[in-house]
There are 2 protein chains.
Amino acid sequence: MNEAEARERAAAMLADAGIVLTPAEREQIEVADFGLGRLDEIGLQLVVYVNTERVCAKELVLFPGQTCPEHRHPPVAGEPGKEETFRCRRGSVVLHVAGAEIVLGPGEQHTIEPDTLHWFQAGPEGAIVSEFSTTSRDSLDFFSDPRIVR
Amino acid sequence: MNEAEARERAAAMLADAGIVLTPAEREQIEVADFGLGRLDEIGLQLVVYVNTERVCAKELVLFPGQTCPEHRHPPVAGEPGKEETFRCRRGSVVLHVAGAEIVLGPGEQHTIEPDTLHWFQAGPEGAIVSEFSTTSRDSLDFFSDPRIVR
């Protein structure tokens with residue numbers, strides 16, 4: 001699967017779930033392969049609705065079994081790191097947070113505290129997950145795998 | 001329309017839009033009549049997903065023609081007031097922000113800066129609107145109509 005295919009597949013999953021995007025948003029769906037070139041296994045598709053100095057909201061789309069690798073959001077400029085709430089909309093996702101495993105199905109959610117190691121993997125149907133958070137500064141995230149480039 | 005009827009109608013609109021709630025969330029849909037007792041015209045139905053010290057996310061449900069009255073979110077404890085992004089999911093809503101009129105249909109959104117007077121009204125089909133914001137402190141909102149109690 002290449003980036004264009006991933007973008008198209010994510011757009012179809014969002015449309016199936018009744019989540020309406022503008023044409024510009026559909027074209028700009030972000031495909032993150034974390035610099036590993038193994039998008040089928042490790043990757044994430046994102047629609048960023050808003051990301052200001054205070055608030056961020058996104059839809060995350062994961063294909064069946066796809067994983068977002070372990071990372072944490074460190075403090076920045078005297079503020080605590082990014083605080084994230086993940087709310088599952090479709091499919092299922094397993095969050096691994098500080099050693100615990102949290103399974104989310106549609107309508108279930110979990111808040112991850114700042115600077116806490118976490119990774120997550122979609123179940124067999126994939127997942128659509130809304131993320132509500134403080135500002136995203138992806139380039140400052142700390143990934144456990146040193147090969148990762150975000 | 002009484003509060004229980006409004007809650008049931010909002011739950012049905014959310015279900016129609018494919019927005020999955022837990023049974024507890026459905027039962028706890030907040031119905032705000034702003035103390036005016038005219039829910040058909042002036043009111044708002046809300047599902048609060050998360051409201052921490054930093055981030056808040058909600059679904060707002062408005063019935064056809066229903067209005068959320070003019071208000072602003074003043075600064076609190078040295079921080080700017082609440083910053084809100086409204087993203088329309090279904091139906092349509094007209095935002096009135098500092099004298100301007102902004103019409104949002106599905107997939108369209110607008111960010112309202114802190115401490116800015118605004119009100120909004122659903123179109124003829126009603127509206128479902130996602131709100132992404134900083135912390136909600138409803139009791140500190142300033143409403144232009146002094147009869148309003150939030």
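Mentor: Let us begin with pairing: two strands pair if DSSP finds at least two bridges between them, and strands (E, at least two residues) are DSSP runs, numbered from the N terminus. This is a predicted model, in which local features need pLDDT of at least 70 and side-chain atom pairs count only at pLDDT 80 or more, while totals for chains, interfaces and linings use all residues. Residues are numbered from 1 along each chain as its sequence is written, and side-chain values use heavy atoms, with hydrogens and water left out.

Trainee: What makes S3(B) and S8 of chain B paired strands?

Mentor: Seven bridges join S3(B) to S8 (residues 118-133), and the two run antiparallel; in S8(B), B:Ser130 is the bridge partner of B:Glu59. Antiparallel S2 (residues 44-51) of chain B is joined to S3(B) by six bridges, with B:Val47 partnered by B:Glu59.

Trainee: Why is S3(B) called largely enclosed?

Mentor: Buried means under 20% relative accessible area, exposed over 50%, and partly exposed in between (1.4 Å probe, protein chains only). Seven of the seven residues of S3(B), residues 56-62, are buried, so the strand is largely enclosed by the rest of the structure.

Terms used: Chains lettered and ligands numbered in written order. Helix = DSSP H or I, 4+ residues; strand = E, 2+ residues; numbered from the N terminus.
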